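Please keep the sequence and the 3D view open while you read.

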Amino acid sequence: MTILLYGRPPAVFDPPGTATQVSPLIPGSTPLEDVAPGSADEIMIYAPPGVLERRHTLALALKALKVGGRLDAMAAKDKGGARLKKELEGFGVVVGESAKAHHRRCVVIRPETVTGIEEAITAGAARLVEGLEAWSQPGVFAWDRIDAGSLLLAQTAPVLKGAGADLGCGYGALATVVLGSPAVTSLRLIDLDRRAIDAARKNVTDARARFEWADARTLEGAGDLDFIVTNPPFHDGGAEDRRLGQAFIQKAAGMLGKGGVLWLVANRHLPYEADLNAAFKRVTKVADAGGYKVYEAVK
């Protein structure tokens, strides 16, 4: 029996322990796009909050299921759960809905015929974004625009040199600027999102770039880098979590060599100053504009 699991549903929903993980946000997982059509017996999905991303995921799941296979999808009520039943019914399926733990849960038995799944898959797929002139995909951070924080960091940081890393690289916008310096010898582009890494590979073709689908918080800190740039995330599953940025700061300190420098941009309201001062020898706020602040921290 083939059982797939997308994401990490709350334990109250009894996620299957032996399932194959297919979420792009869990390094090492199997891409749901690569699952053979009609091959899965059961799929449980902790649905993502973005509309295009969610419909794309649900459509991929219906395509992967065998006729008679079971789709079990849930989402927090304020993160797409209230729309989940209607979105599934739009694919021509019968939906059983229940409420539990501030979530909506929808169960579908895959019928012989479904409608509109190819359109939903295309709408949420990777593409060359018009006006951005870069590859990206719904679900990737700031997927269809230049993020204002990353732009401020790019405008503020000096010409960098040596070996570096971009923690949370997204589709590669900041890395493209960093690699404009011929003094940069190598750059590790690291992101938790496989879709971001796939896009970055297309957007950043410089031979000095290396791409890593990984959780930056779990990387080995070899203390051998000259610089790190980062616009760290501060949301987890749609909820603000300042511990993410704090973990990025600690990891950056471990990855940098003595005298190495961290260039970090963050929303103005995020209190990272104490963490920066605890982990680095010298910390300077070098920009404060448009609701963002940029720090230079020297180890």
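Helix α1 (residues 51-64) lies across β1 (3-6), β3, β4 and β6 (103-109), and runs at about 155 degrees to β4. Helices here are DSSP runs of H or I with at least four residues, strands are runs of E with at least two, and both are numbered from the N terminus. Angles run from 0 to 180 degrees between N-to-C directions, and axes are lines fitted to C-alpha atoms, for helices over the stretch in contact.

This is a predicted model, where local features need pLDDT of at least 70, side-chain atom pairs count only at pLDDT 80 or more, and totals for chains, interfaces and linings use all residues. Residues are numbered from 1 along each chain as its sequence is written, and side-chain values use heavy atoms, with hydrogens and water left out.

In what order do the six strands of the open sheet come? The order is β2-β1-β3-β4-β6-β5, with mixed pairing; two strands pair if DSSP finds at least two bridges between them. At the edges are β2 (20-21) and β5 (95-100), each of which pairs on one side only.

Strand β3 (residues 40-46) has a parallel partner in β4 (residues 65-76), with six bridges between the two. Within this pair, I43 has L71 of β4 as its bridge partner. Strand β1 also runs parallel to β3, joined to it by four bridges, and L5 stands opposite M44 in β3. Five of the seven residues of β3 are buried, so β3 is largely enclosed by the rest of the structure. Buried means under 20% relative accessible area, exposed over 50%, and partly exposed in between, using a 1.4 Å probe and protein chains only.

Helix α2 (residues 81-89) lies across β4, β5 and β6, at about 15 degrees to β6. Which residues of α2 are buried? They are G81, L84, E87 and L88. These residues lie on the same side of α2, because they cover an arc of only 90 degrees around the axis; the arc is that of the directions from the helix axis to the C-beta atoms. A82 and K86, on the other side of α2, are exposed.

The buried residues of α2 pack against α1, β4, β5 and β6. Contact here means heavy atoms within 4.5 Å.

## Where the two helices meet

Helices α1 and α2 pack at an angle of about 50 degrees, and their axes are 11 Å apart. That makes α1 oblique to α2: angles under 35 degrees count as roughly parallel, over 145 as roughly antiparallel, 65 to 115 as roughly perpendicular and the rest as oblique.

From α1, V51, R54, R55 and L58 meet R83, L84, E87 and L88 of α2.

## A buried histidine

H56 is found in helix α1. Is H56 buried or exposed? H56 is buried, with a relative accessible area of 7%. Not counting residues up to four places away in sequence, H56 touches E33, A120, I121, G124, A125 and Q137.

## The seven-stranded sheet

Another open sheet has seven strands in the order β11-β10-β9-β12-β15-β17-β16, with mixed pairing. Its edge strands, β11 (209-213) and β16 (282-289), each pair on one side only. On average, neighbouring strands of this sheet are turned by 15 degrees against each other, direction ignored.

Strands β12 (residues 225-230) and β15 (residues 256-267) run parallel and are joined by five bridges, with L225 opposite L256 in β15. Helix α7 (residues 243-255) lies across β9 (162-167), β10, β12 and β15, at about 160 degrees to β15.

## D193, a loop residue

D193 lies in the loop between β10 (184-191) and α6 (194-203), and D193 is buried, with a relative accessible area of 5%. What is D193 in contact with, leaving aside its neighbours within four places in sequence? The partners of D193 are P24, L25, G139, V140 and W213. D193 and L25 are 168 residues apart along the chain, and their C-alpha atoms are separated by 4.7 Å.
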